[in-house]
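Here is a short briefing on one protein model. Keep the structure open while you read.

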Amino acid sequence: MMAWFDARRHEGRELTTFRDLEVGFLWHGHRISLIARNQGIWKPAAFAAALTFKTTAPKEGREAPYEDRIDEDGTLRYKMAATRDKEWTNRAMMLAAERGYPLAWLVGTKPANTLYYYARFPAFITGVDLENREFLITIGGDPDQPVDLSDIRKRAAEGIERKYVSRWTKQRLHQQRFRENVLSAYDMSCAVCDMPHAQLIEAAHIVADADDAGIPVVANGLALCRVHHTAYDKHLLGIDESRRIHVAERARRLEEVTGRSALAPFDGGRLTHVPERRALQPDGQRLRRHFDRFVDLNQGGLLGAVDL
Ligand SMILES: [Zn+2]
């Protein structure tokens, strides 16, 4: 399962649809499905232990469900199934905990029109809070430490186990979240040229992210293809507050002289698309801050002499 997610991520297809997950993959001739309708916790038929658990799409206007789901120390609290007919899914989670099996957390996100899931893994159950009926889960971490449930039951009675998650893990999660939120908000295509190859689309920051541990803000991002991302970062291409595209004079000159073009055709045009929802649209103030720098650097033909 993790190899399958990894391979997809490598190809720029880390955002999956429900159907992708339902179809899953073949393993030794058996189809392994990774999700099912009306199941929070999922265990394929041939498995004894749980394989995935999911969080449904956040409400309209929210970017990610993380903030109220993850403790300050990085522990995810996941509610146990509450009804009797779903008790077997709790047992499947307990078994995964006892055996130290990694799981994948499937997070639904729908900033634009399509509901996508992305996977957080490996996720290890590090404790059970019986009082609040929650599984305590660490994303990342050590696969070789199965959980002794007798111990957990004892500790659950005393209080709540907490697990430290390194700042590194949080930063990595943050970057992934930013990428996934921006890409899905822009329907995985470049805002400048509209090219649709997900493998070539990147999440660009409009202004540098000062706090990597903070909430990833789609309004500080643009989905851009690799060429236009680099051109934007290097100030060969600027985007003003009204989302109009400007190409640096030296770049236009070069393309004129060589008779070849990559950026000039977009000069004076507008972004091909931005998310429909206002809160996800590129923030004007941030665009201006970036554009001011573009103007500074491109005034007086300075750039011809400066290698950026
Ligand atoms: Zn592009």
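The model is predicted. It holds 13 salt bridges. The second largest pocket has about 260 Å³ of space.

**A buried pair between two strands**
- Glu-134 and Arg-77 form a salt bridge through their side chains, at 2.3 Å from N to O.
- Glu-134 sits in strand β8 (residues 134-139) and Arg-77 in strand β5 (residues 76-79), so this pair ties together parts 57 residues apart in sequence.
- Glu-134 has a relative accessible area of 12%, so it counts as buried.
- Arg-77 is buried too, at 15%.
- A network of salt bridges links Arg-77, Lys-79, Asp-129 and Glu-134.

**Partly exposed pairs**
- Arg-252 and Asp-267 meet in a salt bridge, 3.4 Å from N to O.
- This pair links distant parts of the chain, 15 residues apart: Arg-252 is in helix α7 (residues 249-258), and Asp-267 is in the loop between α7 and α8 (284-298).
- Arg-252 is partly exposed, with a relative accessible area of 32%.
- Asp-267 is also partly exposed, at 31% relative accessibility.
- Asp-283 pairs with Arg-286 in another salt bridge, with the closest N and O atoms 3.5 Å apart.
- Asp-283 is partly exposed at 25% relative accessibility.
- Arg-286 is partly exposed, with a relative accessible area of 25%.

**The second largest pocket**
- Its lining residues are eleven nonpolar, no polar and no charged.
- Among them are Met-1, Met-2, Phe-25, Trp-27 and Ile-32.
- The lining also includes Phe-47, Leu-51, Tyr-101 and Pro-102.

Key. Residues numbered from 1 in each chain as written. Predicted model: local features only at pLDDT ≥ 70, side-chain atom pairs only at ≥ 80, totals over all residues. Heavy atoms only, no water. 1 Å grid on protein atoms, 1.4 Å probe; cavity = no way out; pocket = protein on both sides within 12 Å on 5 of 7 lines; lining within 4 Å. Points joined across faces, edges and corners; volume = space filled by probe spheres on them. Nonpolar A, V, L, I, M, F, W, Y, C, P; charged D, E, K, R; others polar. Salt bridge = Lys/Arg side-chain N within 4 Å of Asp/Glu carboxyl O. Helix = DSSP H or I, 4+ residues; strand = E, 2+ residues; numbered from the N terminus. Buried < 20%, exposed > 50% of the residue type's maximum accessible area, 1.4 Å probe, protein only.
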